[in-house]
Structures are given as structure tokens and as C-alpha cells.
Amino acid sequence: MYTLSVSGLNEQIKSLLESSFTQVLVEGELSRITFHNSGHIYFTLKDSSSVLSCVMFRGNASKLKFRLEEGMKVVINAALTLYKPRGSYQLNCFSIEPSGQGAFALAYEQLKQKLSDQGYFNTEIKKPLPKFPSRIALITSATGAALQDMLRVANTRYRNIEIDVYDVLVQGDSAAHAISNAIALADTKKYDIMVVGRGGGSIEDLWAFNEEIVANAIFEASTPVISAVGHEIDWLISDFVADVRAATPSAAMEICLPDTNELYQYMDSITSQLEQTLKQKIHTASQELEHLKTSFIQHSVDKKLQQREVEIKQLGENFSQAMSFNMQGYERELDRFKQQLPQAVNNQLHIAQTQLDSLEKALVSNNPKFKSKTGFAQLSQNAKVIDISSLDVGNEFEVQSDRVLISAKVIHKENIR
């Protein structure tokens with residue numbers, strides 16, 4: 001029997017496997033997914049009893065419309081290969097489809113959920129559209145019917161507008177990058193509104209507007225963005241991220257541009273309201289003027305002088321009456337006083353005489369000349385009256401009564417308590 005080397009055996013097994021299983025469809029559940037920096041994706045495919053190693057190289061991985069997730073059930077189109085260094089076989093995956101669900105539908109739901117979690121759809125961050133825009137950017141295909149529809153509506157509704165067209169691819173692999181770049185460029189031009197859109201088509205035709213790069217460009221734009229892709233039934237990721245969603249490109253122009261005819265009608269209505277308001281204000285002002293005239297007459301200087309003259313006259317009459325009344329009272333008081341005065345004078349004189357007699361008696365009784373002064377004398381020293389307690393032994397002093405003056409000297413002094 002011929003002896004093979006390990007490498008030789010692996011080489012024969014590799015040739016046999018790869019020639020026999022050039023293309024297979026395998027269904028299973030994803031597990032142990034690794035997204036390598038190189039762009040390759042490594043994972044295992046398993047069912048209830050077996051596990052199979054898989055690799056999807058960068059070229060094929062870049063074409064995936066959805067993100068592989070743990071536990072996802074998929075159908076893989078692949079070829080069976082042998083990895084010689086380890087002697088293990090694996091599936092080289094060409095494409096992957098969700099089991100029971102389209103890749104586009106799954107990718108759409110995955111990105112929608114991701115952006116929703118990041119707040120891209122929040123209504124509170126939506127920018128309002130200006131009522132009367134002057135400059136609009138249309139980001140669409142210059143050769144598409146959608147552009148002609150939008151220009152036709154603009155020409156019908158509101159001609160006083162500057163419209164710039166940014167010609168971009170709206171389908172195909174490079175469309176998403178072209179659209180996002182155009183949005184970023186137009187956002188630097190300070191437009192009032194940007195309209196991003198195209199006409200209808202299949203989900204594959206519209207897919208550029210479901211790409212995350214387009215969603216990011218719309219979200220980051222400071223200019224209000226209208227998403228106008230496809231028809232009424234088409235809902236794209238761009239519709240959720242944009243500030244306003246229009247069912248069609250034509251509807252987008254109807255949303256962002258005022259109708260000239262409606263403006264004329266509105267101006268007529270405003271004019272009528274203005275006339276009515278002016279008439280009402282003039283009528284109100286006339287009434288206020290009449291009221292002011294009446295008030296001015298009532299509060300004029302002449303009117304006030306007349307009122308003051310009446311008041312002064314009334315005050316004079318009141319003063320005269322008061323004075324007359326007071327004079328009458330004074331006269332009555334004076335008559336009564338005249339009658340009472342003689343008697344009052346006599347009474348006062350009698351009282352005064354009585355008091356005078358009493359004082360004379362008191363004076364006589366208290367006159368020192370009439371009092372007994374036995375035992376009393378006045379002490380003086382150097383012609384000054386002194387108190388006896390101020391004298392010391394040896395001091396000379398005078399003792400004086402009303403009739404006798406005696407010079408004396410203190411021989412002995414004793415305090416008596």
C-alpha cells in the first residue's frame with residue numbers, strides 16, 4: 001500500500017471536496033460570529049446536532065445588506081473547502097439570506113431599529129420648514145422624471161424661488177455615497193430647504209435611501225431636509241430621519257412652496273380684515289375723541305373757574321352765616337357778662353379784703369418786734385453771720401440781739417448730742 005504524507009492526504013481530500021461541493025445551499029443558525037479587521041467574517045453554522053465552520057471573505061461580506069447576529073437562522077450559498085494547515089473543512093460563503101425573510105427586509109428593520117435607538121427619529125429634533133423659502137436645493141437625478149415633476153410644480157405654485165439641482169446617482173452601489181456627499185455639500189450653501197428624492201421603483205432601486213451613510217448625512221445637516229422617495233406606499237429610512245416626509249417628489253414641492261393663488265386669496269382676505277380693523281379702530285377712536293372732548297369741557301380751566309367761583313361764593317355765604325351766628329352768640333354772652341360783672345367784682349373785692357385782713361393779722365402775729373426774743377441772739381465774726389458750730393476755742397466773735405452787741409471769746413467748746 002502506498003504511504004501518504006499528512007499534507008498529501010489533505011491535498012487529495014481538498015481536491016475531492018472542492019470538486020464535489022462547488023456550490024451548496026445550507027440552512028442553519030449563526031453562532032460565534034467574528035468580524036475581523038481585515039473585513040472577513042468568521043462564524044459557525046449549527047443545527048440541533050452538528051456544527052460547521054464558515055468564512056465569508058471581504059469581497060462577499062461587503063455585499064451583505066444586513067448585519068449577521070447571534071442566533072439568526074440563515075440560508076448560505078457556499079462552496080466546501082479544506083483548510084490544509086489544520087486539516088479542517090469549512091464553508092466558503094458567497095451569499096447569505098435570512099431564512100424565511102428577505103435580506104433587504106431584514107437589513108431595513110435592523111437599520112431602522114438602530115437609528116431609532118440612537119434618536120435619529122425623535123420628533124423634538126425635527127427642524128421646521130420656512131413658510132416662504134427663497135433658495136431650495138434638489139438632490140436627485142437630473143435625467144429623472146421626478147426632477148421634471150418637481151420643477152413643474154414649483155413653476156405653477158411659486159416662481160419667486162431659486163432652485164439648484166445637485167445631479168446624483170439615485171440607484172446602484174455608488175448611489176448612497178453620491179447622495180450623502182451632495183447633502184453635505186448643499187448643507188454648506190445655506191439653502192432654506194433641501195429636497196432629497198427620486199421617483200418610484202423596486203426595493204432594490206430605492207435601496208440607496210435605506211443606507212446608513214445617507215441617514216447620517218440627513219441627520220447631521222443643519223438645513224431642513226424633505227425626503228421624497230418613491231410613491232405613497234414606499235417608506236424609506238430617509239423618510240424617518242428627514243425633518244419632513246413627502247409621499248412623492250411632487251408632493252415635496254407642494255409642501256415646501258406656498259401656492260401663489262392661495263397667497264393672492266390670503267392677501268385679499270388680509271386686506272379685507274385690515275380694512276375692517278381700520279374701520280373699527282377709526283370708529284373706536286372717534287368715540288374716544290368725543291369722550292375726550294366732553295371730558296375736556298368738563299375739566300377745562302373755564303369750567304374749573306366757574307366751579308371755584310361757585311364754591312367761593314358758597315364759602316362766603318357760609319362764612320357770613322357763621323360769623324352772624326357767632327356775633328349773636330357773642331352779644332348774648334356780653335350782655336350776660338355785663339349783668340354779672342358788678343356782682344363778680346364785688347365778690348372778688350370781698351374775697352380780697354378778707355384775705356388782706358387775714359394777712360395783716362398774720363403779719364402782726366409774726367413780726368419779730370412783737371415776739372419775745374429772750375434767749376436768742378445772732379452770732380457774727382468779721383461782720384459775717386456765722387453758725388455757732390464753726391467756732392473753735394480761742395475764736396473771737398460778736399453776739400447781737402435787737403438792742404445789745406457783745407464781743408466774746410470761746411473759752412471752752414463741747415459738742416452736745
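A residue counts as buried when its relative accessible area is under 20%. Thr44, with a relative accessible area of 10%, is therefore buried. The model described here is predicted.

**Thr44 and its surroundings**
- Thr44 belongs to strand β2, which spans residues 41–46.
- Across the pairing of strands, Thr44 in β2 is the bridge partner of Ser31.
- Strand β1, formed by residues 24–35, pairs with β2 in the antiparallel sense, and five bridges connect the two.
- When neighbours within four places in sequence are left aside, the contacts of Thr44 include Glu29, Leu30, Ser31 and Arg32.
- Val51, Leu52 and Ser53 are also among the residues in contact with Thr44.
- In a regular strand, side chains alternate between the two faces of the sheet.

- Five strands close into a barrel, and their order is β1-β2-β3-β5-β4. The pairing in this barrel is mixed.
- On average, neighbouring strands of this sheet are turned by 50 degrees against each other, with direction ignored.

**Strands β11, β12 and β13**
- Strand β11 (residues 378–381) pairs with strand β13 (residues 396–400) over three bridges, in the antiparallel sense.
- Within this pairing, Gln400 in β13 stands opposite Gln378.
- Strand β11 is also joined to strand β12 (residues 384–385) by two bridges, and these strands run antiparallel.
- Val385 in β12 is the bridge partner of Ser380.
- The hairpin of β11 and β12 has two residues between the strands. In this hairpin, Asn382 takes a positive phi near 55 degrees.

**Cysteines**
- A search of the whole structure finds zero disulfides.
- Cys93 is in no disulfide, and the nearest cysteine sulfur, that of Cys54, is 4.5 Å away.

Definitions and conventions
Residues numbered from 1 in each chain as written. Predicted model: local features only at pLDDT ≥ 70, side-chain atom pairs only at ≥ 80, totals over all residues. Heavy atoms only, no water. Helix = DSSP H or I, 4+ residues; strand = E, 2+ residues; numbered from the N terminus. Buried < 20%, exposed > 50% of the residue type's maximum accessible area, 1.4 Å probe, protein only. Contact = heavy atoms within 4.5 Å. Pairing = 2+ DSSP bridges. Axes fitted to C-alpha atoms, helices over the stretch in contact; angles between N-to-C directions. Disulfide = S-S within 2.5 Å.
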